[in-house]
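User: Could you walk me through this model? I'd like to start with the strands and then look at a couple of residues.

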Amino acid sequence: MPSQLSQIVTVRSSETVTPNMQRIVLQGDILSTFATDCEGGYIKLLFNLDGGTDLSGMAEGQRPMMRTYTIRHFIADQNAIEVDFVRHITQDNQCGFASRWAMNAQVGDTIEIRGPGTISSLNHKADWFLLAADMTALPALSAKVKQLPKEAKGYAVIQLVNEEDKQQLEMPTGIEVHWVTQELSQAVRSMPWLEGQASAWAACEFDSMRELRQYLRNDKALDRDFIYISSYWKKGVTEDGHKVIKQQDAQAND
């Protein structure tokens with residue numbers, strides 16, 4: 001039997017692309033197995049219980065902590081991926097250990113991953129498109145807009161931590177980009193609702209997601225076939241706690 005490829009990847013580069021976004025390029029043989037259309041999908045980064053990347057000291061049967069991040073860009077001929085991390089620093093100088101790892105990662109550092117996983121795409125059978133994201137979902141949005149038809153029209157609303165977090169995005173000329181610092185669902189509600197069939201893609205903080213879902217499903221009566229909406233995190237809750245809340249919410253709204 002052929003030997004299984006190691007799921008450990010190496011940090012090839014790390015740069016601060018905006019004040020609150022860190023971009024890391026990860027490289028490894030396991031990435032040769034990723035599909036060419038994996039951009040916008042996700043990987044899971046594995047950490048020990050102290051937030052470190054050395055899993056060798058974990059007790060038998062103990063599960064590592066996993067944190068989910070989007071594949072922003074796939075460099076297939078180099079077995080490499082770009083992954084963006086929001087620099088979650090609070091007023092008391094605390095941050096999640098994935099963000100802390102990313103902000104301190106050095107070239108040559110290693111980390112174990114799982115994946116890739118996929119997320120649903122926009123329904124392209126529409127007259128116009130509405131995209132909404134906060135900074136945690138900006139990497140996914142940047143991959144999804146590249147898949148839109150060239151003649152696509154509509155708008156993308158992106159919530160930033162501050163104005164300096166704007167990035168260059170590759171998207172159809174008919175998609176207007178609105179960079180905002182106000183709460184995301186309020187910003188989306190302030191946008192004009194265009195004529196014809198809309199197709200919506202939204203990913204953000206849990207409470208904003210619920211407000212957007214109310215707006216799209218109930219206020220605008222958009223059919224579920226034309227909505228992708230997901231929460232990527234919840235304020236004040238770890239990813240593990242968010243996962244439980246997200247499952248409960250999905251069951252309640254099935």
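User: How many bridges join E1 to strand E2, and in which sense do they run?
Analyst: Seven bridges join E1 to E2 (residues 21–27), and the two run antiparallel; strands here are DSSP runs of E, at least two residues long, numbered from the N terminus. This is a predicted model, in which local features need pLDDT of at least 70, side-chain atom pairs count only at pLDDT 80 or more, and totals for chains, interfaces and linings use all residues. Residues are numbered from 1 along each chain as its sequence is written, and side-chain values use heavy atoms, with hydrogens and water left out.

User: What joins E1 to E2?
Analyst: A hairpin does, through two residues, and within the pairing serine 14 stands opposite isoleucine 24 in E2.

User: And which sense does E1 take with E7?
Analyst: E1 (residues 8–18) pairs with E7 (residues 110–117) in the antiparallel sense over three bridges, where pairing requires that DSSP finds at least two bridges between the strands. Valine 9 stands opposite isoleucine 111 in E7.

User: Switching topic, is leucine 31 buried or exposed?
Analyst: Leucine 31, which lies in the loop between E2 and strand E3 (42–47), counts as buried because its relative accessibility is 0%; buried means under 20% relative accessible area, exposed over 50%, and partly exposed in between, with a 1.4 Å probe and protein chains only.

User: What is leucine 31 in contact with?
Analyst: Leaving aside neighbours within four places in sequence, leucine 31 is in contact (heavy atoms within 4.5 Å) with residues including Val9, Leu26, Phe74 and Ile113.

How values were computed: Helices (H or I, at least four residues) and strands (E, at least two) are DSSP runs, numbered from the N terminus.
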